[in-house]
Amino acid sequence: MQLVTRQQLGWPASAAPSQPTAKGVKIHYLGSPVSTKLLGDHKECVALWKDIRRSHLANKAEGYSDVAYNYAACPHGYLLEGRGLRKRTGANGNQALNIAHYAIVGLVGSSGLTEPTDAMLTAIRDGIDLLRKNGASTEIKGHRDGYATACPGGPLYAWVQKGAPRPATAPANPPKEDDVALSDADVKRIADAVVDRFLSKDTFDAPKDSANYSPDPKSSAHYWSGRTLFGDLINKVRAIDKKLTALTKEK
């Protein structure tokens, strides 16, 4: 399970009402256009999840205490914490429905990104299993079950009607948030810059046994470049080799 916690999201503890048990879990989608950019960059998923929470907290008519869902699942296979465990959802339509089931939303919508990936379905199953270990019973339903809505959309609801099976093939390892795709040209440019910095800049303390060593850090003789340092080391190795050769001949 690839869980992103509230703490990692920079959120405080949820102010949602406590609820230790429920009949099961209801599955949701966002019901609005979702950009396909999410597929290529996990940071977009996190940004969207944070935007959803901001919009819910700003909705004075609904009076949300937190983002409405217990968890969200992104196309890369991450389970993003919302209200979290043993908290009443605010997503199912009314108080009776909120009390009956916890809620997980897949980050797909009515247009754009509409089809859940296997990684997303796996993350939803991870969320269901986690909630079952913490108070949820066995029911898995769609938001539309018991409430007049198109949610969770055709693809997700079809999966729910099949019993929300875990995908047979494990998804590829999801990208980490700090992963960066670099071209060969980028790699060469960075490598050249590192080598140039290492070899050409006077950033290393000069050996104290060097002829021009200065203990004063403000002196240019206090620092050597990597190139000078390696040159000095090679000269010392050569000198030692000569001494060893001479000793061998004497014997």
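Helices (H or I, at least four residues) and strands (E, at least two) are DSSP runs, numbered from the N terminus. This is a predicted model, in which local features need pLDDT of at least 70, side-chain atom pairs count only at pLDDT 80 or more, and totals for chains, interfaces and linings use all residues. Residues are numbered from 1 along each chain as its sequence is written, and side-chain values use heavy atoms, with hydrogens and water left out.

**Stop 1: a loop residue**

Select L113. This residue lies in the loop between β5 and α4. Is L113 buried or exposed? Buried means under 20% relative accessible area, exposed over 50%, partly exposed in between (1.4 Å probe, protein chains only). L113 counts as buried because its relative accessibility is 4%.

Now show what surrounds L113. Contact means heavy atoms within 4.5 Å. Leaving out residues up to four places away in sequence, L113 touches V34, S35, T36, L38, L39, P75, L107 and V108. Pick L38 from that list. L38 and L113 are 75 residues apart along the chain, yet 8.1 Å separates their C-alpha atoms.

**Stop 2: the whole chain**

Zoom out. The protein chain holds 7 helices and 8 strands. Of its 251 residues, 40% are buried. Take the contacts between residues at least 6 apart in sequence: 67% of them join residues at least 24 apart.

**Stop 3: the sheet**

Colour the strands. Two strands pair if DSSP finds at least two bridges between them. An open sheet is formed by 6 strands in the order β1-β4-β3-β5-β2-β6, with mixed pairing. At the edges are β1 (2-4) and β6, each pairing on one side only.

Start at β1. β1 pairs with β4 in the parallel sense, over 3 bridges. Look for Q2, which stands opposite Y78 in β4. Helix α2 (residues 42-57) packs on the sheet and touches β3, β4 and β5. α5 also packs on the sheet, touching β2, β5 and β6.

Move to β2 (22-28). β2 is largely enclosed by the rest of the structure, because 6 of its 7 residues are buried. What does β2 pair with over 5 bridges in the parallel sense? One partner is β6, and another is β5. Check two positions. V25 stands opposite I140 in β6. G24 stands opposite H101 in β5.

**Stop 4: helix α4**

Select residues 118-132, which make up helix α4. The 15 residues of α4 reach 21 Å from first C-alpha to last. That is close to the expected 21 Å, where the expected span is 1.5 Å times one less than the number of residues.

How many residues of α4 are buried? The count is 12 of 15, and α4 is mostly covered. Among them are A119, M120, I124 and L131. The buried residues of α4 pack against β2, β3 (71-73), β4 (78-81), β5 (101-106), β6 (136-142) and α5 (154-161).

**Stop 5: the core**

A nonpolar core is a set of buried Ala, Val, Leu, Ile, Met, Phe, Trp, Tyr and Cys residues joined through side-chain atoms within 4.5 Å. The largest such core has 47 residues. Select those with the most contacts inside it: I27, W49, Y69, I104, L107, I124 and L156. Two or more residues each come from β2, α2, β3, β4, β5, α4, β6 and α5. The largest share, 7 residues, comes from α4.

End on I124. Not counting residues up to four places away in sequence, I124 touches I27, A73, I104, G106, L156 and W159.

Key:
Axes are lines fitted to C-alpha atoms, for helices over the stretch in contact, and angles run from 0 to 180 degrees between N-to-C directions.
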